[in-house]
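Here are a few notes to go with the structure you asked me to look over. Have it open while you read.

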Amino acid sequence: MKFCANKNCQQKNPQKLENFNKRKDSKKDGLSSWCKFCSHKNNALWAIKNPEKKILIAARHRAKKEKIPFNITIEDIVIPKICPYLGIPILKNRKKITDNSPSLDRIVSKSGYIKGNVEIISNRANTGKSNLSAKEHLQIGKRMFKLTSNKMRKG
Ligand SMILES: [Zn+2]
């Protein structure tokens with residue numbers, strides 16, 4: 001059993017050792033000093049306050065995992081107020097991920113997280129962009145537009 005070091009911990013203390021994440025750098029017992037619940041809460045709060053850093057760390061993780069080239073730094077993460085694709089507001093410092101959340105886009109998706117190849121756009125635009133080329137987006141857009149405007153005319 002072990003006490004969570006967070007004074008404001010809302011768990012019943014002491015807690016089972018399974019409630020503590022492993023930490024290589026911990027000298028004492030190889031476990032982190034805060035319980036999983038407090039660590040998780042703390043990480044979530046940190047991410048809300050540091051959206052640029054959170055985006056950078058997530059990208060670095062992904063690049064490593066998927067063996068994508070990576071050389072961007074925090075200066076390359078610039079969150080605009082408005083999505084350059086859709087014109088909708090980009091809202092940072094929010095708890096939940098929504099259409100309006102900032103999302104890191106690789107301009108040329110085959111290229112990596114390389115300086116000059118990244119841009120923050122809305123999560124909605126990034127999700128929609130996914131795997132299609134610019135030409136394919138136009139083709140789909142044209143047909144969607146044609147079909148829906150026909151429908152509107154016919155009522
Ligand atoms: Zn705790």
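**Notes on the model**

1. Leaving aside its neighbours within four places in sequence, K2 touches P14, Q15, L17, F20 and L31. You'll find K2 itself in the segment before α1 (36-49).

2. K2 and L56 are 54 residues apart in sequence, and their C-alpha atoms are 34 Å apart in space.

3. Zooming out, the protein chain has four helices and two strands. Reading from the N terminus, the order is α-α-β-β-α-α. The radius of gyration is 22 Å, well over the 15 Å that the globule rule gives for 155 residues, so the chain is more spread out than a compact globule.

4. A box of roughly 70 × 40 × 25 Å, taken along the principal axes, holds the C-alpha atoms of the chain. Of its 155 residues, 12% count as buried. Looking at contacts with a separation of 6 or more, 43% come from residues 24 or more positions apart.

5. Keep in mind that this is a predicted model. The chain averages a pLDDT of 93, and 97% of the residues score at least 70. Among the elements, strand β2 (residues 118-122) has the highest mean pLDDT (98), and helix α4 (residues 134-154) has the lowest (87).

Note on methods. Residues numbered from 1 in each chain as written. Predicted model: local features only at pLDDT ≥ 70, side-chain atom pairs only at ≥ 80, totals over all residues. Contact = placed C-beta atoms within 7 Å. pLDDT = per-residue confidence, 0-100. Rg over C-alpha atoms; globule rule 2.2 N^0.38 Å. Buried ≥ 20, exposed ≤ 12 C-beta atoms within 10 Å, placed from the backbone.
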